[in-house]
Amino acid sequence: MKNIVLIGMPSAGKSTIGIILAKVLGYQFLDSDLLIQEQEKALLKDIIDERGIDGFLAIENQVNSEIDAVATVIATGGSVVYGKEAMEHLLENGIVVYIKLSLKTIADRLGNIKQRGVVLREGQNLKMLYEERCPLYEKYAHITVSGEHLNTEELMEKIIEEFHKIKEK
């Protein structure tokens, strides 16, 4: 029973879809951002403020590379793809699904980017972040699913369909 690992930009719907996907498949659900907050006893934005971006990314890499789960839908933080060890571990233990959305959709959904604990470097804007991350999401994904113009139900069905295709191979 492979895990399903959801990757994608902040506000792509990884946590929302993950919970529903877990219910439908009879899997457990795990949100790696919540694991980080639990370990550090702080909100993501506060960890970034206190430890800096590199400090946060090191924690994120460590937490995600130590996830020990079976038959679990894992919703990751948008910056998980910067952690080589984390991504190798997640690839080994699951089917990685990239929920792909346009920059416009991400921008419309995100709202206050600072409140979300989004990893933005000095002088970096959302467009630059999007262009930097998308190739990494594509590199690591076993499956890429466009969430554009789909409601939660439609996106979930699309992910399940692609997941079953890969599982049968």
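**View 1. The buried residues of helix 6.** In helix 6, the residues Leu-126, Leu-129, Tyr-130, Arg-133, Cys-134, Tyr-137 and Tyr-140 are buried (under 20% relative accessible area with a 1.4 Å probe, protein chains only). These buried residues pack against strand 1, helix 4, strand 4 (94-100) and helix 5 (103-110), where contact means heavy atoms within 4.5 Å. Helices (H or I, at least four residues) and strands (E, at least two) are DSSP runs, numbered from the N terminus. The model is predicted, so local features need pLDDT of at least 70 and side-chain atom pairs pLDDT 80 or more, while totals for chains, interfaces and linings use all residues. Residues are numbered from 1 along each chain as its sequence is written, and side-chain values use heavy atoms, leaving out hydrogens and water.

**View 2. The bend in helix 6.** Helix 6 bends by about 25° at Arg-133, and a proline, Pro-135, follows within four residues; the bend is the angle between axes fitted to the seven residues ending there and the seven starting there.

View 3. The largest cavity has a volume of about 40 Å³, the space filled by probe spheres set on grid points joined across faces, edges and corners. A cavity is a set of points on a 1 Å grid over the protein atoms alone where a 1.4 Å probe fits but cannot get out, and lining residues have an atom within 4 Å of a point. Asn-3, Val-5, Ile-67, Ile-74, His-89, Leu-90, Asn-93 and Gly-94 line this cavity. Strand 1 (3-7) and helix 4 (84-93) are the elements that give two or more residues to the lining, and the largest share, three residues, comes from helix 4.

Methods
1 Å grid on protein atoms, 1.4 Å probe; cavity = no way out; pocket = protein on both sides within 12 Å on 5 of 7 lines; lining within 4 Å. Buried < 20%, exposed > 50% of the residue type's maximum accessible area, 1.4 Å probe, protein only.
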